[in-house]
Amino acid sequence: MLTVNNLSVQFGKRVLFDEVNTTFSHGNIYGVIGANGAGKSTFLKIISGEMDATSGHVHLEPGKRMSVLNQNHNMFDEFTVLETVMMGNKVLYAVKKEMDALYLDYNDSNADRIGELQVQFEEMNGWNADSEAAALLSNLGITEDLHYMNMSDLDGKLKVRVLLAQALFGNPDVLIMDEPTNDLDLETITWLENFLANYENTVIVVSHDRHFLDAVCTHISDIDFGKINHYSGNYTFWYESSQLAAKQRAQQNKKAEEKKAELEEFIRRFSANVAKSKQATSRKKMIEKLNIADIKPSSRRYPAIIFDQEREAGDQILNISGLAASVEGETLFTNVDLNMNKGDKIVLFSKDSRATTAFYEIINGKQTADAGKFDWGITTNQAYLPVENHEYFQNDLTLVDWLRQWAKTEEEREEVNIRGFLGKMIFSGEEALKTARVLSGGEKVRCMISRMMMERANVLMLDEPTNHLDLESITAFNNSLKNFKGSVIFTTHDHEFAQTVGNRVVELTPSGVIDRYMTFDDYLDDDKIQELRKKMYAV
């Protein structure tokens, strides 16, 4: 379907890709992964024709159509929502525009041309294009009253959905998407997962959302050492198999037959679990056909995130009664009564992200509630990761001196100890002498996690902890919170994070709170809870 031959990309002296040869086959969904800076987005731009490679070429099978999820949210501001979606099929849209223009000036001289265009339009199922575009929009939560509005009148989050509909419109043969779940709510992401799981053409996608990659991918395309390798299975299969291969490489004394049996058992276990997948049959066949030699250790570096507690908390963690907050007269949440128990790992959830952020700011004493009160248990000590960390990095301290601010003892203040903490978060050698002001978004979050580790709190509060992090950091963070013995309250758009860490869901609404001891998936799948949610937001 799509072939890449001898592709090389070089920026100055830096080689990003070195003679890459690979094929993306019909019917497969490829999740492109790689460390930050490996070139994931650059690769998508090259295969979509948006950027030129230094050498080599990309070949799309003749007669096939490629569609790309547009990243420029303001590009179509002068067009209506429906027209923007139809522009996703460039050939169909061009035929329609020419036909419309000729109809306005209909005469004998252009009648033949109109006839030719009508035949083309018919062959492309053009007469149903309006209704298909409208159906796509409705499935993505864009109601009919918005279809004829100009794109400039939509807010940013709705624009993202329209551009998603544009990319999906007309059933393209190759669909290319860079971070398609950004700015989408969970319901829309679930719809997209279901849509792609049943999609019969080729999809190439970059995403940091592991649940999404697991739900839709038949293959993982790993960018490493300037090359791209395809592996059968989803992200979790790639991650666990690469970890197993790394462990086996370290076991020099283990016999080859024992290693082979261990890998075969791993594949058997995974093949059995695949039955839960929407693409179960084809994926199970791929995994069962997998050659043991195909599984290779990854060169990725995973941060060592370990949260220790200075002391264990007693039974009283956090008691909240009648808490309420609003912004500019708009209610964010009211009547929040909550008793957080020892060992609770609460997924704090709301359709309005301003509500969850206001909640954290209030219980951390950074904002005043409209009503109500909260009390922390006397044996608790808390660490907070805010969604906005800008204020922490407005200085020229080196990372060593920056982290030293949270040291509690003289021993902790020593440079060798501080560098140890930073090393765990993959700031080694000269990187530890960078100044706070010049850090990237991901580096700032890793510093904030180092700070939390140093605080040794028994209650952790995390507002969108996966923002700006790469897959390696997200995976390590997720695993550390599953193993943490204290209490956690967190908000995340990362479905896998919510499902695997949380044991309780608390949803803040303008009409009150919904509070259930259950997993995140069970919460979303419960019909009675979904009815209750509709009522609570309908104010």
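**Overall build**

I began with a count: the protein chain has 20 helices and 18 strands. Helices (H or I, at least four residues) and strands (E, at least two) are DSSP runs, numbered from the N terminus. I reminded myself that this is a predicted model, where local features need pLDDT of at least 70, side-chain atom pairs count only at pLDDT 80 or more, and totals for chains, interfaces and linings use all residues. Residues are numbered from 1 along each chain as its sequence is written, and side-chain values use heavy atoms, with hydrogens and water left out.

Next I checked the overall dimensions. The C-alpha atoms fill a box of roughly 90 × 65 × 50 Å along the principal axes.

I then looked at burial, where buried means under 20% relative accessible area, exposed over 50%, and partly exposed in between (1.4 Å probe, protein chains only). Buried residues make up 50% of the 539.

I turned to β6 (residues 174-178) and found five of its five residues buried, so the strand is largely enclosed by the rest of the structure. In a regular strand the side chains alternate between the two faces of the sheet. Here V174, I176 and D178 point one way, L175 and M177 the other way, and all are buried.

For pairing I used the DSSP rule of at least two bridges between two strands. Three bridges join β5 (residues 66-68) to β6 in parallel, with M66 opposite V174. On to β7 (residues 202-206): five bridges join β6 to β7, also parallel, and L175 stands opposite V203. From β6 the chain crosses through helix α7 (residues 186-197) to β7, and this β-α-β crossover is right-handed. That label means that, with the strands pointing away from the viewer, the path from the first strand over the helix to the second runs clockwise.

**A look at R210**

Is R210 buried or exposed? At 5% relative accessibility, R210 counts as buried. R210 is found in helix α8 (residues 210-216). Leaving out residues up to four places away in sequence, I listed its contacts (heavy atoms within 4.5 Å): R210 touches Y235, L471, I474, T475, N478, D494, E496 and F497.

I traced an antiparallel open sheet of three strands, in the order β11-β10-β13. Its edge strands are β11 (330-341) and β13 (371-376), each pairing on one side only. Eight bridges join β10 (residues 316-327) to β11, and S326 has T331 in β11 as its bridge partner. Helix α12 (residues 353-363) lies across β10, β11 and β13, at about 55° to β11. Axes are lines fitted to C-alpha atoms, for helices over the stretch in contact, and angles run from 0 to 180 degrees between N-to-C directions.

Last, I followed the mixed open sheet of six strands, β14-β15-β16-β12-β17-β18. β14 (382-385) and β18 (512-516) stand at the edges with a single partner strand each, so one side of each is left without a neighbour in the sheet. Five bridges join β15 (residues 459-463) to β16 (residues 487-491) in parallel, and D463 has T491 in β16 as its bridge partner.
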